[in-house]
Amino acid sequence: MKKIEAIIKPFRLDEVKQALTAVGVSGMTVSEVKGFGRQKGHTELYRGAEYTVDFLPKVKIEVLLPEELLSSALDAILESAQTGKIGDGKIFVTTVDEVIRIRTNERGEEAIR
C-alpha cells in the first residue's frame, strides 16, 4: 500500500477530489495547513505598520491506496492541481506497512476499501 500526501492550493481542492474519485480513490483526509517555500509570502500594511505574511494557506490531502492505483492517482493530482505558477505544491509518496480499521479489525487493503 502507498500513502500520497499532496500539498495544493486551496481553490484546487474540488478538482483534485473529483479527479481522484474518477480513478477509483474511495476516501481521503483533507487538512487546512500553512507553509512557505519558494513562494515566500507577501507584505501587508496593518494600522500603519508593515509586516510580512510568511505562511500561506494550503490544503493537505492524504490518500491511502493499493500500489496498482498509485500511477493513475498521481497523474490525476498533477493534472487537476497544476496551474503552472509558483506555489502549486508538492506530492509525497510513502510506503505503508499496515492499516487497521478500528471498527471491524480489518487489516491491509480491506481496511481502506
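Predicted model: local features only at pLDDT ≥ 70, side-chain atom pairs only at ≥ 80, totals over all residues.
**Exercise 1.** Determine which residues of α1 are buried, which are exposed, and why the buried ones line one face.

*Solution.* Step 1: apply the cut-offs, under 20% relative accessible area for buried and over 50% for exposed. Step 2: Val16, Ala19 and Leu20 come out as buried. Step 3: an α-helix has 3.6 residues a turn, so residues three or four places apart point the same way. Step 4: viewed down the axis of α1, the buried residues fall within an arc of 95°, so they line one face of the helix. Step 5: Asp14, Gln18 and Ala22, on the other side of α1, are exposed. Step 6: the packing partners of the buried residues are β1 (2-8), β5 and α2 (70-81).

**Exercise 2.** Describe the largest pocket by volume, lining and residue class.

*Solution.* Step 1: the volume is about 370 Å³. Step 2: 16 residues form the lining, with Phe36, Gly37, Gly87, Gly89 and Lys90 nearest the centre. Step 3: β2 (29-35), β5 (56-65) and β6 (89-95) each give two or more residues to this lining. Step 4: by class, the lining has 6 nonpolar, 5 polar and 5 charged residues.

**Exercise 3.** Do likewise for the second largest pocket.

*Solution.* Step 1: its space amounts to about 200 Å³. Step 2: 15 residues line the second largest pocket, and Ser26, Gly27, Val63, Leu64 and Ile112 are the closest to its centre. Step 3: β5 contributes the most to this lining, with 4 residues. Step 4: the classes are 8 nonpolar, 4 polar and 3 charged.

Note on methods. Residues numbered from 1 in each chain as written. Heavy atoms only, no water. 1 Å grid on protein atoms, 1.4 Å probe; cavity = no way out; pocket = protein on both sides within 12 Å on 5 of 7 lines; lining within 4 Å. Points joined across faces, edges and corners; volume = space filled by probe spheres on them. Nonpolar A, V, L, I, M, F, W, Y, C, P; charged D, E, K, R; others polar. Buried < 20%, exposed > 50% of the residue type's maximum accessible area, 1.4 Å probe, protein only. Arc of directions from axis to C-beta. Contact = heavy atoms within 4.5 Å.
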